[in-house]
Amino acid sequence: MNLDVVEQQFEEQGYTILSGLLSQRVLNGVRAELERWVEAQALLLQGDNSLGEGFADEPFERRLACLFAGNMARAPKSLRPELHWEGMYGLFFCPAVLDAVERLLGVAEIRLYPNYTVRPKFPDDPATEVLWHQDAGYTASGQHGRDDGSPNDTVEALRMVNVWAPLVPARRANGCMQFVPGTHRVGLATHERREHYLEISAAEIATREADAIDIECDPGDVILFSNMLYHRGLPNGTDEVRWSCDWRYQDAGQSTMRSERGHIARSQLAPEMVVSSALQWASLSFQ
Ligand SMILES: O=C(O)CCC(=O)C(=O)O
């Protein structure tokens with residue numbers, strides 16, 4: 001990984017793709033945790049008598065969709081507090097990802113922002129089609145409450161790097177991300193509330209949508225992008241679940257602009273605050 005290239009692409013386009021960055025060991029660790037969680041969902045459904053079989057023979061890519069077929073109202077669309085599992089540590093605290101983030105943020109004090117999510121994007125489910133937005137639009141919507149740190153912080157002033165990693169191949173057909181390169185420089189757009197998500201106003205997206213590109217990628221790839229970049233997650237038109245994880249890092253000297261404080265990923269000033277093992281991560285909670 002050439003950090004100069006990473007920085008140049010991020011500055012110019014608003015994103016960069018780190019191909020094949022994650023080791024098989026890290027991917028296996030995440031996958032094992034999710035397979036355990038899917039198994040637990042199967043047992044819960046069986047306990048409720050709402051399921052005849054556990055679909056234990058279905059592959060990871062299909063099992064969750066089989067479990068909740070015809071029962072989508074109950075299907076879990078995102079995992080967040082659940083993610084304090086040992087197997088997630090290698091992903092959220094991956095040294096190579098943190099090296100890139102440190103270069104992009106230009107600071108050695110880095111917080112894992114309190115917004116980390118695994119998304120099982122179900123087939124043909126409008127609730128998992130993520131509409132055009134900037135992550136900053138969600139922060140600005142104020143729906144998360146603020147901490148008491150810096151009342152003068154503005155969303156535009158937040159120094160943040162977003163991360164997205166596929167856990168199965170992500171293609172246009174199963175709902176890969178789309179980006180509009182360069183839009184991290186156009187300022188905060190107007191976000192309007194829709195049924196499931198916020199969406200950039202039709203007038204603001206209309207002039208830019210023609211420049212949208214598909215971000216097709218594979219497990220092991222890591223996408224870094226600006227919290228100001230226009231992006232969306234396409235609908236999943238296949239019969240498999242499009243599993244992915246998205247998380248964010250922030251200059252730890254700044255407010256989270258949420259009631260949660262996140263967790264320290266790197267620090268020279270207070271190294272004792274850094275989450276330094278998988279066991280420690282599993283002992284912490286979403287906060
Ligand atoms: O995974 C998706 O489809 C969308 C994710 C997203 O919008 C994000 O990570 O900000």
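Mentor: Helix α1 (residues 3-13) and helix α5 (residues 95-105) pack at an angle of about 55°, and their axes are 10 Å apart. The model is a predicted one, in which local features need pLDDT of at least 70 and side-chain atom pairs pLDDT 80 or more, while totals for chains, interfaces and linings use all residues. Residues are numbered from 1 along each chain as its sequence is written.

Trainee: Why is α1 called oblique to α5?

Mentor: Angles under 35 degrees count as roughly parallel, over 145 as roughly antiparallel, 65 to 115 as roughly perpendicular and the rest as oblique. The angle of about 55° therefore makes α1 oblique to α5. Axes are lines fitted to C-alpha atoms, for helices over the stretch in contact, and angles run from 0 to 180 degrees between N-to-C directions.

Trainee: Which residues of α1 and α5 meet?

Mentor: L3, V6, E7 and F10 in α1 meet D99, A100, R103 and L104 in α5, contact being C-beta atoms, placed from the backbone, within 7 Å. By class, this contact of α1 with α5 holds 5 nonpolar, no polar and 3 charged residues. Ala, Val, Leu, Ile, Met, Phe, Trp, Tyr, Cys and Pro count as nonpolar, Asp, Glu, Lys and Arg as charged, and the others, Gly among them, as polar.

Trainee: What makes α2 and α3 roughly parallel to each other?

Mentor: The axes of helix α2 (residues 24-47) and helix α3 (residues 60-68) come within 10 Å and cross at roughly 25°. With the limit at under 35 degrees, α2 and α3 are therefore roughly parallel. Their crossing is left-handed: the near helix is turned anticlockwise from the far one by less than a right angle.

Trainee: How do you know that β4 and β11 pair?

Mentor: Strands pair if DSSP finds at least two bridges between them; β4 and β11 have 2 bridges, in the antiparallel sense. There, V130 stands opposite G233 in β11. The open sheet of 4 strands runs in the order β4-β11-β6-β9.

Trainee: What makes β4 (130-133) and β9 (213-215) edge strands?

Mentor: Each of β4 and β9 pairs on one side only.

Trainee: Which residues are around the ligand?

Mentor: They are R119, K121, V130, D135, W164, G175, M177, H231, G233, S244 and D246, each with its C-beta atom, placed from the backbone, within 6 Å of the ligand. The shell divides into 3 nonpolar, 4 polar and 4 charged residues.

Notes. Two residues are in contact if their C-beta atoms, placed from the backbone, lie within 7 Å.
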